[in-house]
Amino acid sequence: MNILEFSLLVWIGSFTAGFLGALTGLGGGVVIVPLLTSVFGVDIRYAVGASLVSVIATSCGAASAYIKEGYANLRIGMFLEVATTIGALIGAFLATIVSVKSLTIVLAIVLLYSAYLAQRTRPEISDELPPSPLVTQLRLTGTCPTPDGLMSYKADSVPIGFGLMGLAGVFSGLLGIGSGAFKVLAMDQVMRLPFKVSTTTSNFTIGVTAAASASVYLARGYIDPGLSMPVMLGVLPGAFLGARVLVGAKTPILRIVFSFVLVVMALKMVYNSLIGGL
Amino acid sequence: MYQLDSENNWGSKHLTQTGATVIQEAQVVALPLPPEASEFGSSVLEVEGKQQVVSISSDRSLEQLISYLLRYGVLLSSAIVLTGGILYLMRYGAEPADYRFFQGEPAVLCSPDGVVIAALSGSCRGFIQFGLLLLIATPVARVVFSFLAFLRRRDFAYVILTLFVLIGLSYSFIGTYF
């Protein structure tokens, strides 16, 4: 296979990755890494570098649309970025101590559990309880478009959500993956934000989380221009398309897609840790 | 006219008289004052409401700016990557693709200043890498921009939050290269 054919195939795969990544809030890396390593036989380090590029491209491309449409919540996103940043720094420190392999199994179980949690339907209307002082102070509220018009919402259980976001950062610092799943879970299940707000706000923040580890990847030579070029150029139109589809999509279908991607991701991680991959 | 004037005078006198009676009435009927007070209160509420509307609309304009920043950042960087990519495929498109074994990148493509040098020297791989650096810089620029926007609006809680994220980002960058 020459470089031209390889680039075209990677471009098509990346388009799918960008589409799914934008739709689920998980970022393009969920699809890119297994695609490059299993299908194209790319070394895991190059794949992780290209995945980082794809996550940032998905995040920026989709988030620009999600902000404009009024789904992604900037304040909630920026508030939670603090937790992920602290977590990522702790994770990078822990990476020298903890065995990554045993941790992968734990993460896979958590992913399966969150896939299950995401299927539990709950009413998307915030209850009558008044917002906590922290929510009022930081204005962690908003409105999002629904078929029945604008719906207002507020963040619940902010400290727990913040802690879970910190954990998301630890995992992304340790393994370079899995932060998107935790972010959606924290916002959807704990802070009780509408599902579309959770996935789009996750999309908005994963770019910064990825950028935090970008310099490390660049310095180690993981980011190959020849490989990252078709990945980025494929992911971006995929993300734009995904953002368009999300606006019209029904939430239960989005939840099913989200859970499906999580289950595949978890099985892949178990398989890898048994075979000896990442 | 004279009559009219006198009438006017009389009228004014009458008015003051009625004015006095009004005052008297007002003094007598002290109870209607609370509605007036509540009217004042509601106007204060209205002002607060307006302030909220203003802050929401300025939130909205900040969102618009950030949305544009992300969109044009990602489009600019992908235009550069596309240009470099076309040159790269024209030059090396027929060569076999091999990413099975990790060799790492040449040192010049592993640091921001090296990438700029490589891009300026006309290397198409360096050009792509420069576009990728711009892409990575886009979310960072978004954090810097929101920090400045919150600083300008004296929204200090978010100034501190965004500053914290910036410190985290710089810490990881400095830890890698210095």
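Sorted by class, the lining of the second largest cavity comprises 5 nonpolar, 3 polar and 1 charged residues. The space within the second largest cavity amounts to about 60 Å³, and the structure, which is a predicted model, holds 2 cavities of 30 Å³ or more.

The contact between the two chains was examined next. In this predicted model, 59 residues of chain A are in contact with 64 residues of chain B. The size of an interface is often given as the accessible area lost when the parts come together. For chain A and chain B, the buried area is about 5400 Å², and carbon and sulfur atoms account for 72% of this area. On the side of chain A, the residues that lose the most area to chain B are Ile3(A), Arg75(A) and Leu218(A), which together make up 12% of what that side buries.

Polar interactions across the interface were then considered. Between chain A and chain B, 21 residue pairs are in polar contact, with both residues at pLDDT 80 or more. The elements that give two or more residues to the side of chain A that touches chain B are helix H1 (3–24), helix H3 (44–69), helix H4 (74–94), helix H9 (195–219) and helix H10 (225–248) of chain A. The largest share of this side, 12 residues, is provided by H3(A). By class, the residues with which chain A touches chain B divide into 38 nonpolar, 13 polar and 8 charged.

Salt bridges form a further part of the description. Over all chains, a search of the whole structure finds 12 salt bridges, and the count between chain A and chain B is 5. In one salt bridge, the side chain of Asp224(A) meets that of Arg125(B), with an N to O distance of 3.2 Å. Another salt bridge joins Arg75(A) to Asp59(B), where the closest N and O atoms are 2.9 Å apart. This pair crosses between chains, running from Arg75(A) in helix H4 of chain A to Asp59(B) in helix H2 (residues 33–92) of chain B.

Conventions. Residues numbered from 1 in each chain as written. Chains lettered and ligands numbered in written order. Predicted model: local features only at pLDDT ≥ 70, side-chain atom pairs only at ≥ 80, totals over all residues. Heavy atoms only, no water. Contact = heavy atoms within 4.5 Å. Buried area = accessible area lost by both parts, 1.4 Å probe. Salt bridge = Lys/Arg side-chain N within 4 Å of Asp/Glu carboxyl O. Polar contact = N/O pair within 3.5 Å; in protein donor to acceptor, adjacent residues only side chain to side chain. Helix = DSSP H or I, 4+ residues; strand = E, 2+ residues; numbered from the N terminus. Nonpolar A, V, L, I, M, F, W, Y, C, P; charged D, E, K, R; others polar. 1 Å grid on protein atoms, 1.4 Å probe; cavity = no way out; pocket = protein on both sides within 12 Å on 5 of 7 lines; lining within 4 Å. Points joined across faces, edges and corners; volume = space filled by probe spheres on them.
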